[in-house]
Amino acid sequence: MAARPGGGGRVRFNVGGQAFETTTTTLANAGRDSMLGALLDSSWNAPQAPGPGEPEAAAATEYFIDRNPACFAVLLDLLRTGSLHVPPHLPEKLLYREALYYGLLDHVRAARWGAFDGDRLRLASSVPGRAPGDGTAIRASPDGGCCVAHGGAVHVYNWMLDERRPISLDHSQVNDVAYLDAATILIAARERLGKCDGGMAAFSAVSGDLRHRFRVAHGSEPKSFTAGALAFDAHGAPRIFASCKGRLNEYGVGVWDAATGEQADFFYEPPGVALGDADRLQWLDATGALMVATLFPKTDNCSIGLLDFRGKGVAWSWSDAGTAASLEDKRVLHAIAMDDERSVCVINQYDDLGFLDLRSAAGSGGVRWSSRSKLMNRKATGEESCYPKLATHGGQLFSSMNDSVSVFSGPDHVLTSTLRRSYGGAICDFSIGGDRLFALHNEENVFDVWETPPPPII
Amino acid sequence: MSSQKKRPARIEPFRHKVETDPKFFEKSWKKLHDAIREIYNHNASGLSFEELYRTAYNMVLYKHGPALYENLIKTMMEHLQEMRRSIEAAQGGLFLEELQRKWDDHNKALQMIRDVLMYMDRTYIPSSKKTAVFDLGLELWRDTIVRSAKIHGRLLDTLLDLIHSERMGDVINRSLMRSTTKMLMDLGSSVYQDDFERPFLEVSASFYSGESQQFIECCACGEYLKKAQRRLDEEAERVSQYMDAKTDEKITAVVVKETLTNHMQRLFLMENSGLVSMLVEDKYEDLTMMYNLFRRVPDGHSTIKSIMTSHVKETGKSLVTDPERMKDPVDFVQRLLNEKDKYDNIISTSFANDKGFQNALNSSFEYFINLNNRSPEFISLYVDDKLRKGMKDANEEDVETILDKVMMLFRYLQEKDLFEKYYKQHLAKRLLSGRAASDDSERSMLVKLKTECGYQFTSKLEGMFTDLKTSQDTTQGFYAANPSDTGDAPLISVQILTTGSWPTQPCGTCNLPPEVLAVSEKFRAYYLGTHNGRRLTWQTNMGSADIKVTFGNGSKHELNVSTYQMCVLMLFNTADCLTYRDIEQATAIPPVDLKRCLQSLALVKGKNVLRKEPMSRDISADDSFYVNDKFTSKLFKVKIGTVAVQKESEPEKMETRHRVEEDRKPQIEAAIVRIMKARRVLDHNSIVTEVTKQLQPRFLPNPVVIKKRLESLIEREFLERDKADRKMYRYLA
């Protein structure tokens, strides 16, 4: 970077009439791929032959930039200190726009909130929804944005929580959504009777354009289908999994190559195991297997299994068939494989957590329930409730119940934090990603954004 | 709608007039267009980056992104076309330089254009799935310049020509080559591969195919390999200098295929310089090169291995079956050892101690050593030779290494029990005649045999050593118990040998002279008195004696003779002339031994203490013997050897073999019984395999013999044949 103007590594700016002076070292933090980096690059500052009678010292110019000086001050401060401080009178959107002009939006994003920690979360924003009806699912994007599925459409928000173009798959009922990466969203939708729609498709998260429609063929004959839960294996040759229901009892789990979008495999449902109706799929990296959970109320008997695609078999399975006799019994409503892939965590209608040991053969140990009677009492007062959901992140376990999200830490999963907001009703879904937690409320379609503040100065 | 007569009440939206300047796009684009021209003309110093960036920003902001992108392509194309014309016009050697110069210009300009359009790169391009500006510039360069009709072929030809002339020894501008291939790599690995690497490999293949054909016609194998090695090094160096590192592997494969793989057989089998003559002449350097080069060739090492193996087998076979060599067992074994040393050296210096080669060498030695069924005997004789007299000129360490080498040969033997037999005989001779030079070496050999074959193999040999030790003690005890008898009576030293441990031959006892007989009877009484329930048999054929003689001419000598010879000579104390028949009668020595004994006393020049009438070479029953009064010798002590052959005579050999065969029978039977006891029921073939496996460390049993033993066991009702399946045997408890 050329340090000629100003001399001594000092650089002078005139931004919208206001003078700034800084050093090349500070500006180096912006990186070469930013407007400021290019501005000071030697290719744009080739030595000018001094005109006749014009002494070279007078060439010590300042850079003029025709932009908002207040925002420039904030961004220059960001480059100097690495932390973002926005004065109260300065709208965030304005700052974001200016940051985009200078190519510093990524810097702002990185300084805006800190690394995710379930015990230090703070409510950053509540975004009201406009869609009618109940929300189905909310998913966090790897870059801090999110998308919310309502009925037949999916509303997409970037990390600045600006809404982008909503996407839909022929306006069919959306069963599940997932981010393939920050720029691509997968939608699994229900097939409507008499129409060859539904199925699964990938959309651009930025423009909302349809990118690819995933097909299922049985015996090389393409068939329409209803896609249920989605899962993604990002390692090796990336693969996409979805539970599928075909019209002619072609139930099972479809597998697609994420690079080409072509169908790679289809795991047909073995008798007695419900795969096509599965509520939850999760790829277990270390084990190399797919967890498939079919849960109440879709079926009366919950079943969880691990599918081994190389051996084409069920490597491990558990079912509560025969144990749940009455409605009072504990029913598994959601399941998640823990990070160490040694156990599956489940939750029941009383918000009890339970664990299934994946290492013991065929789940013979049964569910080890950890009773939380204290929490159960609150349950009685709730007017309308949603089914609880589970998530894990960085060794912490999260579960939603009614209008709050509980955070459990440590090897014994001790309750360490509770996230609650006063209105919006029960939480019907939540998701963690991009160092943020998004919680979708049952009423009014409002969703909350929880994030960890940047680390304290000292 | 507006054409309708009756217009319903309608609220017109308030129209904002936001498009302030209708010429906004044209004006802005002109600014950028001019700037791009200046950039390509190296005249960018007058441009204001901030102004250009802001202009591009505004164009994207006001939705002119698509038009901006299209115009950018158009403008860039124009500049590239201009560059193309100038590159095409470059003559001869300037072509590459011009291409390089323009590429540098384009790269620099592209960098600046990208700076100006950075905002478009960030916002418009990701949402419209277009190629980013920099990559777009590379693609345009690729399609307009590198792959244009007039440049594409010329570029490739120029590069390949330069490489060819470098191969022929010319010096070329490597940095220019490097920057040109770097350009191709920058355009994407597929451009580099399609437009340069693949044709380069093809041209190289035909070049090396021709060159190797030419070399192989006129070069010896070693020389050819040197050239191939140099070419390989050159290509590796070339790649490191101005090509993608990934090409290294590919071009090496091409050179290896053309120069080595395609000519492998011919190179190895080359007359006078191929693999065999390298082995014969110990050309370590060439062999090392061959080993290293053919590491890259599939089947290369295995072919070298098989040629070496067949050569070793052939030379080994001619060595062990040469009747000339049989005459000197020590030399025979020494030659084997030399052969082994030679190939061990080759493998360690040239073949990187490759385990595969070592195994191949071992198996070929095993093959040819066992071609001669006298190998066990010869090896034992060699050890005998080394342990007997080798000590004088060799120190113990040398003997140790010799013994280690011998053990190597021993490992190759299939008939290890035969070796044991011979070794026992030779050891017995050494021990009894007191000619074992070093007790330590003897014991170290025993330890080696023990580690190789186990305790059983050497237990009897060890017994021999113990016998000697106790004999010494017993003799001392005898004289301590009978101290009075030291006067005139002969001194005896008795070796008490345990039956079974020693290779005793059934011997005809002879009549000992009365003086000796008296002492030996006294000893017998003493021994049986101390050890109850034992039996002593005199092995007169194995003893020796020192006797003092005064000849008729007055000369006095001390003679070292065998027991038989002593018996004969003692007879002459009382008689002057004895016929053969007399001697035979008096001594009762078996005729064969007696004849041999008389031969050595009467017919060996310089040691003829007896005189025979008539003076013929052979001894007949009517010959008469006298004391040779004219006997003279420079030495006081005279050792009378026995006319004996070190090597076994033909009948003895047959006998040893027969004995070995006999000894094997119980071993085979024991093995069969062991196996059957464990398995209860087994078919014939499995028994043969198992027995062979069990006995392998000692010898290789013949299947026919195994079958005979099985039959014998059936006869003795250890086994029976299965009634349903005649091939199955059943163990009878």
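How do the residues of the lining of the second largest cavity divide into nonpolar, polar and charged? In this predicted model, the lining divides into 5 nonpolar residues, 1 polar residue and 4 charged residues.

## Cavities

Three cavities are in question here: a search of the whole structure finds 3 cavities of 30 Å³ or more.

The largest cavity is lined by residues of chain B, namely B:Trp29, B:Leu32, B:Ala35, B:Ile36, B:Ile39, B:Leu68, B:Leu72, B:Ile113, B:Val116 and B:Leu117. Two or more lining residues come from each of helix H1 (24-40), helix H3 (65-89) and helix H4 (94-116) of chain B. Of these, H1(B) gives the most to the lining, with 5 residues.

The second largest cavity is lined by residues of chain A: A:Asp403, A:Val405, A:Leu419, A:Arg420, A:Arg421, A:Ile427, A:Ala439, A:His441, A:Asp448 and A:Trp450. Here the elements that give two or more residues to the lining are strand E29 (414-420), strand E31 (436-441) and E32 of chain A.

## The open sheet of four strands

Strands E31 and E32 of chain A also take part in an open sheet of 4 strands, which has the order E4-E32-E31-E30 (chain A) and antiparallel pairing. Its edge strands are strand E4 (122-127) and strand E30 (427-433) of chain A, each of which pairs on one side only. From one strand to the next, the twist averages 20°.

Strand E4(A) runs antiparallel to strand E32 (residues 447-451) of chain A, and 5 bridges join the two. Within this pairing, A:Ser125 stands opposite A:Val449 in E32(A).

Which strand of chain A is mostly covered, with 6 of its 8 residues buried? This is strand E15 (residues 239-246) of chain A. E15(A) has an antiparallel partner in strand E14 (residues 225-233) of chain A, with 7 bridges between them, and A:Ala227 stands opposite A:Cys244 in E15(A). E14(A) and E15(A) form a hairpin with 5 residues between them, and A:Gly236 in the turn has a positive phi of about 65°.

E15(A) also pairs with strand E16 (residues 251-257) of chain A, in the antiparallel sense and over 7 bridges. The bridge partner of A:Lys245 in E16(A) is A:Tyr251. The hairpin of E15(A) and E16(A) has 4 residues between the strands, and A:Asn249 takes a positive phi near 60°. In a regular strand, side chains alternate between the two faces of the sheet.

## A buried asparagine

A:Asn14 lies in strand E1 (residues 10-15) of chain A. Is A:Asn14 buried or exposed? A:Asn14 counts as buried because its relative accessibility is 17%, and the cut-off for this class is under 20%. With its neighbours within four places in sequence left aside, A:Asn14 is in contact with A:Glu62, A:Tyr63, A:Phe64 and A:Ile65.

Methods. Residues are numbered from 1 along each chain as its sequence is written. Chains are lettered from A and ligands numbered from 1 in the order in which they are written. This is a predicted model: local features need pLDDT of at least 70, side-chain atom pairs count only at pLDDT 80 or more; totals for chains, interfaces and linings use all residues. Side-chain values use heavy atoms; hydrogens and water are left out. Two strands pair if DSSP finds at least two bridges between them. Axes are lines fitted to C-alpha atoms, for helices over the stretch in contact, and angles run from 0 to 180 degrees between N-to-C directions. Buried means under 20% relative accessible area, exposed over 50%, partly exposed in between (1.4 Å probe, protein chains only). On a 1 Å grid over the protein atoms alone, a cavity is a set of points where a 1.4 Å probe fits but cannot get out, and a pocket is an open set with protein on both sides within 12 Å along at least five of seven lines; lining residues have an atom within 4 Å of a point. Grid points are joined across faces, edges and corners, and a volume is the space filled by probe spheres set on the points. Ala, Val, Leu, Ile, Met, Phe, Trp, Tyr, Cys and Pro count as nonpolar, Asp, Glu, Lys and Arg as charged, and the others, Gly among them, as polar. Contact means heavy atoms within 4.5 Å.
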